[in-house]
Amino acid sequence: MQRRDFLSASFALGAGAVFPRGALAARERLRLGIIGTGLRGQVLLQELLRRPDVEIAGLCDIEPLMLAKALAQVDKAGRPRPPTWGDDRHPYAYQRMLDAQRLDGVIISTPWEWHAAMAIDAMNAKVPVGCEVVAGISLQDHWDVLNVQLRSGTPYMLLENVCFRRDVMAVLRMVREGLFGELIHMQGGYQHDLRAVKFNSGDPAKPYGGGVEFGPKAWSEARWRTEHSVRRNGELYPSHGIGPCAMWANINRGNRFTHLNSFATKARGLREYVQSLGGKEHPNAGVTFSLGDVVTTTLACANGETILLQHDTSLPRPYSLGFRVQGTRGLWMDVNRSIHVEGRSPAHQWEPFGPYQDRFDHPLWTKHQAQATGAGHGGMDFFVIHAFVEALKAGSDMPIDIYDAVTWSAITPLSEMSIQAGFQTVPFPDFTGGLWSSRRPTFALGA
Ligand SMILES: NC(=O)c1ccc[n+]([C@@H]2O[C@H](COP(=O)([O-])OP(=O)(O)OC[C@H]3O[C@@H](n4cnc5c(N)ncnc54)[C@H](O)[C@@H]3O)[C@@H](O)[C@H]2O)c1
């Protein structure tokens, strides 16, 4: 049996399957590849290069400059250069890497429209997947990714880093220890002014802003992400907001989403940005954007909670994921870094979150904070890669698994359906096929 067949067969044994002792030696070091060495792929590569238990065994990108940047990172880390794929710009070059490189895992960090196809090909090739935070585009994509994972038994993790944010994890501990009483309502979202990400000059030295180009003339995310704002209207990037909420609310583990409803405002921000920066004569000044500037989505849960998500990426605003966790005994909000707990806080008053953060710091953070220092996004990127690599090495279940991935990511097509149907409430599919009621929480139970 080839090593990766063995690997996959071991995972297919099911929840908590662990490799037999004799196999552990082979699992101390993983051969990993990356598909998509763009700006995010380079951040994830940096995390992998910091780890002695990972060998970079293959890199694939269809943009030679992005590949060159990734190779320069490998050189700087003093690691051997891996073979590269996609130098010929062939969009399916990644399949050759999957076939040739005997990988123990692959990270997918490409444009959203590629994630489902790449994950399906990797899982069919028995290469475990760590996928950036969109599982697919259409609802059918989500069923396809799920079904291939279930059929192949190949591990799949959604690389949702915000679940590992320090305050988010401390709040998870507070929720589990009952500080807020019974959970009633949560909020989160993606509230991030992306105008300078969605448009640039096409100069690789200035990937963020400095122009009003998007599509083939642009660089990095402006090359592909902006097109989604042209064609689609919905909650286009749910997972940074919903991931933490789903962990707090035990979604797919004793709870599930039952209904979804989305409202979208008019679209003004992106056009105004192009016109003010590029002038009214610029060819992009007349583009019609479908994406409402603020998209508000409400989810109802089987256990009686509601979750409100906001997608807000086209207007001037400071960054905030806008978290709120509210229960029968109090609430936390991240925007003012404040908390109120009945019986502890002065009546009707906020308290600063800092002392609570110290008191409820998650053991994962306490244990690994030295390694997380300097990692991307305030340390979260260390944890998400650490979780993926350690689960692969141990042969244990993925901490953010296929059910989490498709459930969180399917919010996008469902919100598009809701908006298209005149803001109708739509039923939320049960991707677990009923397993949600017997599955138990596993995320971050210890250090
Ligand atoms: N978790 C996070 O915090 C976070 C942050 C940024 C981006 N992301 C996600 O990461 C992904 C990549 O985003 P990015 O900012 O790196 O974008 P990017 O445009 O900088 O990188 C994407 C790369 O994929 C390459 N690519 C496109 N098609 C390909 C193909 N068929 N085969 C191989 N390579 C291909 C492109 O050439 C490009 O280099 C997206 O899904 C994005 O949403 C996540």
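Guide: Hi! One definition before we start: two strands pair if DSSP finds at least two bridges between them. Also, this is a predicted model.

Visitor: Good to know. So what's the order of the strands in the open sheet?

Guide: The open sheet has nine strands, ordered 14-13-12-11-7-10-9-8-15, and the pairing is mixed.

Visitor: And which strands stand at the edges?

Guide: Strand 14 (351-352) and strand 15 (426-427) do. Each has a single partner strand, so one side of each is left without a neighbour in the sheet.

Visitor: How many bridges are there between strand 13 and strand 14?

Guide: Two bridges, in the antiparallel sense; strand 13 covers residues 338-341. As an example of a bridge partner, Ser 338 has Pro 352 in strand 14.

Visitor: What about strand 9 and strand 10, parallel or antiparallel?

Guide: Those two run antiparallel, and seven bridges join them. Leu 308 turns up here too, as the bridge partner of Thr 298. Strand 9 and strand 10 form a hairpin with four residues between the strands, where Gly 304 takes a positive phi near 100°.

Visitor: Which strands does helix 10 lie across?

Guide: Helix 10 (residues 239-248) lies across strand 7 (183-191), strand 10 (306-312) and strand 11 (324-327), and runs at about 160° to strand 7. Helix 16 (residues 411-420) packs on the sheet as well, touching strand 8 (257-264), strand 9 (294-301) and strand 15. The direction of helix 16 makes about 60° with that of strand 8.

Visitor: Let's zoom out. Into which domains is the protein divided?

Guide: Domain 1 covers 3-154, and domain 2 covers 163-366 + 402-437. Taken over C-alpha atoms, their centres are 26 Å apart. The contact takes 16 residues from domain 1 and 15 residues from domain 2.

Visitor: Which helix gives the largest share of the domain 1 side?

Guide: Helix 6 (residues 139-152), with five residues. Taking that side of domain 1 by residue type, there are 11 nonpolar, five polar and no charged residues.

Visitor: Now the ligand. Which residues come nearest?

Guide: Gly 36, Gly 38, Arg 40, Glu 63 and Ser 220 come nearest, out of the 28 residues around the ligand. Helix 2 (39-49), helix 5 (112-124) and helix 9 (221-231) are the elements giving two or more residues to that shell. Helix 2 gives the most, with three.

Visitor: How do the residues of that shell divide between nonpolar, polar and charged?

Guide: There are 12 nonpolar, 10 polar and six charged residues around the ligand.

Visitor: And where does the ligand lie relative to the domains?

Guide: Between domain 1 and domain 2, because both give residues to the shell around the ligand.

Visitor: Last one: how many helices and strands does the protein have?

Guide: It has 16 helices and 15 strands. The radius of gyration is 22 Å, close to the 22 Å that the globule rule gives for 447 residues, so the protein is as compact as a globular protein of that length. Along its principal axes, the C-alpha trace spans about 65 × 60 × 40 Å.

Methods:
Residues are numbered from 1 along each chain as its sequence is written. This is a predicted model: local features need pLDDT of at least 70, side-chain atom pairs count only at pLDDT 80 or more; totals for chains, interfaces and linings use all residues. Domain bounds come from an automatic or database domain assignment. Two residues are in contact if their C-beta atoms, placed from the backbone, lie within 7 Å. Ala, Val, Leu, Ile, Met, Phe, Trp, Tyr, Cys and Pro count as nonpolar, Asp, Glu, Lys and Arg as charged, and the others, Gly among them, as polar. Axes are lines fitted to C-alpha atoms, for helices over the stretch in contact, and angles run from 0 to 180 degrees between N-to-C directions. A residue is near a molecule or strand if its C-beta atom, placed from the backbone, lies within 6 Å of it. The radius of gyration is taken over C-alpha atoms; the globule rule is 2.2 Å times the number of residues to the power 0.38.
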